[in-house]
Amino acid sequence: MEAWTVVLGVMIAYCIACLVIGYAGLKVGKIDVEDFFLGGRSFGFAVAYLLYVSTFHSSFAFMGSVGWIYSMGITFFATFSSCIVSPLMYYVLGYRIWLLGKKHGFITPADLLGDYYQSNLVRVIISILGLVFVIPYIQAQMIGAGYILEIGTGGRIPYLWGCIILLAVIMGYVWLGGLRAAAWTDVLQGVLMFATVWIGGIFVTYAALGTTDFTTVFQKIEQTYPKLLVVPDAYWPVYTTLFISLVGISIYPPIWMSAYTARSPKILKWLSVTSPLYLIWFYLPCFLVAWAGKIALPPVARPDTVFPLMLMKYAPAWLAALTLAGGIAACMSTADAQLVSCSAMFTRDLYQRFIKPDAKAKTILLVGRTLIVIFGFVSVALALLVPGLIVSVVALALGGCLQMMPSLIGAVYWPRGTKAGAVSGLVVGIVVLVLTQFIWPGPFGIMSGAWAIISNSLVYVLVSYATKPPSEEVRAKFHGYLNSVVHKP
């Protein structure tokens, strides 16, 4: 049996399993609005944990990390900060987000921020911001899926059809069970992707180099490609500010909304403390695969494809198939939550708020499901038209989502933050992000996300001090309530 047929067979079996889980989610949940978008706020530790880490680690981790290390070496270490900072932010902010969501029925980021700042303008900006920058992140998952199926089948399933097939499977189980189906499939996907990145990574490294010892592999790279073990002087500004953009994963909408899904806030705290173990250890075999690929493969035009290429060259068909299924799991486990969050933001923040406020739950769910299909095909179109490096797409998306941070900190920690400050900060942050990404890319070597969040924060604070603070009623509803619960003896 040819290797590609084994790969295809495993992929088909895996996709069927995901659809079956989605159908189970349909049968278990009530499938009302809150259940469809948040799983009924009922997830225990295991499901909440694997939903979080699987949404966090995507094609960026499984393929993009290998491609980055292969082409740019140890500069990848800058991204490790997100594996620590994001759980820390989840601990600091997620607990308060959960309390307010439970108390007031918030579902999306714009729910919370629009209510705190008593502003439909804030609500619209946050919702559009989330949509604009989450959709490119879905694009990154489609890129990864397209590459995997194309390489795994020896080109018999081309890149475009790989994107469409995986999108169809994701839309299938999410349409059926919403976030509950996404979370349940993420339990399978989170375990599969972690196990296969280690097993497949170790195997192909040993097959290519005859060793899996980190020190030995690093010495081989030092002898053949020493520049990959050094951060170039000119790259240091990017290296030291890249982590600021990547902090955006702490509050990008699927992660933010996942905080609402936990059964209790204690689950979020345990999740925050333990998740760095999964997130950091996931990357270690990626270094081995990247270095082995650099030494053993001829020059690769698309660095994001190094891991699949190594598998197809060095692993037996069954192992290549399972590991590539792990790569598909990394793509799907992030894209499913992203599609649900995009659907929720448009349905809840725009359709239900401004277009049809009296819409019944059945209509809202139909609109939400329809939008999942629309946003999915938009992401595939972007993956086809603007493929790019996965890491570059993700860095831009997270830098955009990061612009919600000052407004969120004001809503849950700083009672002096005002509507004018939030609007001004968001507008300035987005303008600066666009200017420093597309018009004057990375001024002085500093990443666009860093320029944007610094500008946003300064404007937010200055304008807030210059304008009237929120009413006593709003501050009591948010800060008063949080203080009474958080500091409760």
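Guide: Let us begin with the classes of residue: Ala, Val, Leu, Ile, Met, Phe, Trp, Tyr, Cys and Pro count as nonpolar, Asp, Glu, Lys and Arg as charged, and the others, Gly among them, as polar. The structure is a predicted model, in which local features need pLDDT of at least 70 and side-chain atom pairs count only at pLDDT 80 or more, whereas totals for chains, interfaces and linings use all residues. Residues are numbered from 1 along each chain as its sequence is written, and side-chain values use heavy atoms, with hydrogens and water left out.

Visitor: How do the residues of the lining of the largest cavity divide into nonpolar, polar and charged?

Guide: The lining holds eight nonpolar residues, two polar ones and no charged ones. Ten residues line this cavity, and those nearest its centre are Phe-56, Phe-60, Ser-82, Ile-249 and Leu-398.

Visitor: What makes a space a cavity, and what makes it a pocket?

Guide: On a 1 Å grid over the protein atoms alone, a cavity is a set of points where a 1.4 Å probe fits but cannot get out; a pocket is an open set with protein on both sides within 12 Å along at least five of seven lines, and lining residues have an atom within 4 Å of a point.

Visitor: Why is Thr-334 called buried?

Guide: A residue is buried at under 20% relative accessible area, exposed at over 50% and partly exposed in between (1.4 Å probe, protein chains only). Thr-334 has 0% relative accessibility, so the residue counts as buried. Thr-334 belongs to helix 14, where helices (H or I, at least four residues) and strands (E, at least two) are DSSP runs numbered from the N terminus.

Visitor: How do you know that the side chain of Thr-334 makes a polar contact with the backbone oxygen of Ser-54?

Guide: A polar contact is a pair of N or O atoms within 3.5 Å; within protein, one must be able to donate a hydrogen and the other to accept it, and residues adjacent in sequence count only if both atoms are side-chain atoms. The backbone oxygen of Ser-54 is 3.0 Å from a polar atom of the Thr-334 side chain, and that of Thr-55 is 3.1 Å from such an atom. Both distances are within the cut-off, so both pairs qualify. Contact in general means heavy atoms within 4.5 Å; beyond four places in sequence, Thr-334 touches residues including His-57, Tyr-137, Gln-141 and Tyr-252.

Visitor: Why is helix 6 described as mostly covered?

Guide: Eight of its eight residues are buried, running from Pro-109 and Ala-110 on to Asp-115 and Tyr-116. These residues pack against helices 5, 7, 11, 14, 17 and 20. One of them, Leu-113, touches Val-122, Ile-126, Trp-256, Ser-407, Leu-408 and Ala-411, leaving aside residues up to four places away in sequence.

Visitor: What makes a set of residues a nonpolar core?

Guide: Such a core is a set of buried Ala, Val, Leu, Ile, Met, Phe, Trp, Tyr and Cys residues joined through side-chain atoms within 4.5 Å. The largest one here has 170 residues, with Leu-112, Leu-113, Trp-256, Met-332 and Leu-408 making the most contacts inside it. Helix 14 supplies its largest share, 19 residues.

Visitor: Is Gln-118 buried or exposed?

Guide: Gln-118 is exposed, because its 51% relative accessibility lies over the 50% limit. Gln-118 is in the loop between helix 6 and helix 7, and its phi is positive, near 50°, although the residue is not glycine.
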